[in-house]
Amino acid sequence: MRNKEKNSETSDLMRKKKFNLKEGFFLSLIRTLGFTGAVILFIILFFVAYNGIHILSWEFITQPPVDAMTKGGIFPVIVGTILLTALCMIIVVPIGVITAIFLAEYSKPGVLLKTVMMSIYTLAGVPSVVFGLFGLAVFVVAFNFGMSLLAGSLTLAVMILPYIISTSEEAIKTVPYSFKEASFACGATKWQTIRKVVLPTAMPGILTGGILGTAKVSGETAPIMFTAAAFFTPGVPRSLFEPLMALPYHIYVLATSGTHIEETRPIQYGTALTLIVLVLGMNLLGIILRSRQRKKKAW
Amino acid sequence: MVENKNIFEIRDFNIYYVDFKAVSNITLDIEAYRITAIIGPSGCGKSTLLRSLNRMNDLITTSRVEGKVFFKGIDIYHRDTDVIELRKRVGMVFQKPNPFPSSVYENVAYGPRIRGINKKSLLDEIVENALIRADLWKEVKDKVHESGMSLSGGQMQRLCIARSLAQEPEVLLFDEPTSALDPISTANIENLLQELQKTITIVIVTHNMQQAARISNYTAFMYLGELIEFGDTDTIFVNPHHKLTEEYITGRFG
């Protein structure tokens with residue numbers, strides 16, 4: 001009897017051990033795969049930095065390209081990307097935040113809300129080149145803005161709108177109900193409550209979404225290729241209706257359609273490195289903001 | 001004209017959430033410059049009744065009322081009644097202290113600011129007065145520009161009281177204001193309520209029967225949405241007429 005008991009105990013232990021082996025295998029598998037993302041990122045970063053870092057200099061980022069873009073810097077290209085992105089954000093953030101306020105605070109469940117939500121989700125899934133064609137048809141041709149800063153910014157704005165809406169809505173929804181209750185009990189109207197309590201409390205979240213959206217927009221090529229970006233412009237755009245050079249499109253141009261593709265490799269990598277640094281910098285800022293906001297949250 | 005000593009007159013009042021009748025056929029007078037406590041077991045509708053007095057229930061879109069509530073003779077559920085003005089005159093303090101995530105000063109200045117008072121000297125005066133009345137000034141006068149959320153629980157609750165007082169309300173509604181606080185903070189708040197009673201009317205919902213007995217002039221006992229008994233606190237606690245009231249205050253259920 002005793003012996004039998006002991007046996008079953010041992011076999012129990014054995015089974016546990018087997019289980020642990022399996023567990024360990026999957027744990028290490030998951031661990032390895034988990035690092036893949038980080039490894040890929042570092043390979044890309046290393047590859048671009050290795051090839052591009054030696055060309056980076058003060059002159060490279062402050063001088064225009066010369067000699068059919070085979071020499072000189074990328075100053076107008078950087079300015080072009082900054083202008084495009086900034087104008088895009090100026091256009092899209094107010095629209096996105098107002099839509100988010102409507103969705104989170106005013107809309108009532110029903111067909112209208114469902115339609116709006118479905119449209120936003122679908123819009124988020126549309127490939128960026130389609131936005132490029134849309135921008136070409138609507139802003140460049142129909143509105144007659146031409147290939148321009150304005151047309152490109154509007155196209156990018158349409159593309160990033162769903163993202164801005166959903167991050168803002170998320171941020172607004174995390175504002176505790178007790179804050180709103182307190183505001184109403186003070187005799188505030190709904191709009192006063194939204195303006196003075198909900199939006200300030202949600203602001204860090206909205207900002208984080210905005211910064212990450214900015215990072216995404218600044219790297220987009222397809223939406224601007226038919227709407228804003230030129231092969232070459234002599235300087236920075238002087239009005240909303242002039243085309244411009246932008247970092248992602250500049251890389252594409254130098255790498256595919258110049259006459260000196262091989263010669264300009266270092267410039268291509270330098271441009272790519274500049275773009276990556278810009279995007280990663282903005283992502284980092286977004287991450288820092290978000291973690292600071294989490295720490296500040298005392299409710 | 002004889003002055004009416006009742007600031008609230010509740011008449012045949014019902015509150016529904018969709019089909020559920022949360023408050024049933026209540027008729028009750030609330031006397032000015034007194035503390036009226038509403039007691040009863042969880043889910044008896046006491047908070048719902050309290051929240052109907054400044055129409056905070058409006059925020060719950062599925063709620064519906066029948067009957068009348070008069071505030072100084074005005075039917076507050078009449079469609080011409082200005083809810084915003086009502087909530088200014090009938091303030092509310094909640095169970096969990098809920099200061100805004102801004103400074104002590106901004107918390108108290110919130111009400112006056114949304115009413116368009118922006119002059120700094122005037123705001124300073126309002127904020128200081130409200131904090132003094134809420135018995136918080138001594139503790140925070142050197143840190144009025146620090147976050148309201150850095151205060152202790154009891155201080156936060158007094159900050160919320162100060163925020164309501166800054167509007168010069170005539171009535172303050174308290175929804176279990178001490179249930180999230182320690183005994184010392186609770187005692188502070190109770191003393192404060194008795195002090196405030198000299199200048200405003202107080203209605204308090206509480207789970208704590210000793211609290212009702214200690215501080216209130218009148219007590220209403222509710223059970224399953226109905227008002228079972230209402231009267232002088234002494235009478236209710238010493239000599240209740242209704243068997244349910246007696247059973248509840250002696251702790252046989254609840």
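Two strands pair if DSSP finds at least two bridges between them. I also noted that strands (E, at least two residues) and helices (H or I, at least four) are DSSP runs, numbered from the N terminus.

**Entry 1: the model.** I am reading a predicted model, in which local features need pLDDT of at least 70, side-chain atom pairs count only at pLDDT 80 or more, and totals for chains, interfaces and linings use all residues. Residues are numbered from 1 along each chain as its sequence is written, while chains are lettered from A and ligands numbered from 1 in the order in which they are written.

**Entry 2: the mixed sheet of chain B.** I looked up β6(B) and found that β6(B) and β7(B), residues 171–175, pair in the parallel sense over 4 bridges. Within β7(B), V171(B) is the bridge partner of V90(B). Both strands belong to an open sheet of 6 strands in chain B, ordered β6-β7-β8-β3-β9-β10, with mixed pairing. Its edge strands, each pairing on one side only, are β6 (90–93) and β10 (226–232) of chain B. From one strand to the next the twist averages 15°. Helix α6 of chain B (residues 153–165) packs on this sheet and touches β6 and β7 of chain B (contact: C-beta atoms, placed from the backbone, within 7 Å). The direction of α6(B) makes about 170° with that of β6(B); angles run from 0 to 180 degrees between N-to-C directions, and axes are lines fitted to C-alpha atoms, for helices over the stretch in contact.

**Entry 3: the antiparallel sheet of chain B.** I then found an open sheet of 4 strands in chain B, in the order β2-β1-β4-β5, with antiparallel pairing. Here β2 (20–31) and β5 (74–75) of chain B are the edge strands. Strand β1(B), residues 6–17, pairs with β2(B) over 8 bridges. One bridge joins N6(B) to E31(B) in β2(B).

**Entry 4: chain B as a whole.** I counted 10 helices and 10 strands in chain B. The C-alpha atoms of chain B fill a box of roughly 55 × 45 × 40 Å along the principal axes. Of its 254 residues, 44% count as buried (20 or more other C-beta atoms within 10 Å of the residue's own, C-beta atoms being placed from the backbone).

**Entry 5: two helices of chain A.** How far apart are the axes of α5(A) and α6(A)? The axes of α5(A) (residues 128–142) and α6(A) (residues 149–173) are 9 Å apart, and the helices pack at an angle of about 135°. Among the residues making the contact are F131(A) and F134(A) of α5(A) and L154(A) and V158(A) of α6(A).

Terms used
Buried ≥ 20, exposed ≤ 12 C-beta atoms within 10 Å, placed from the backbone. Contact = placed C-beta atoms within 7 Å.
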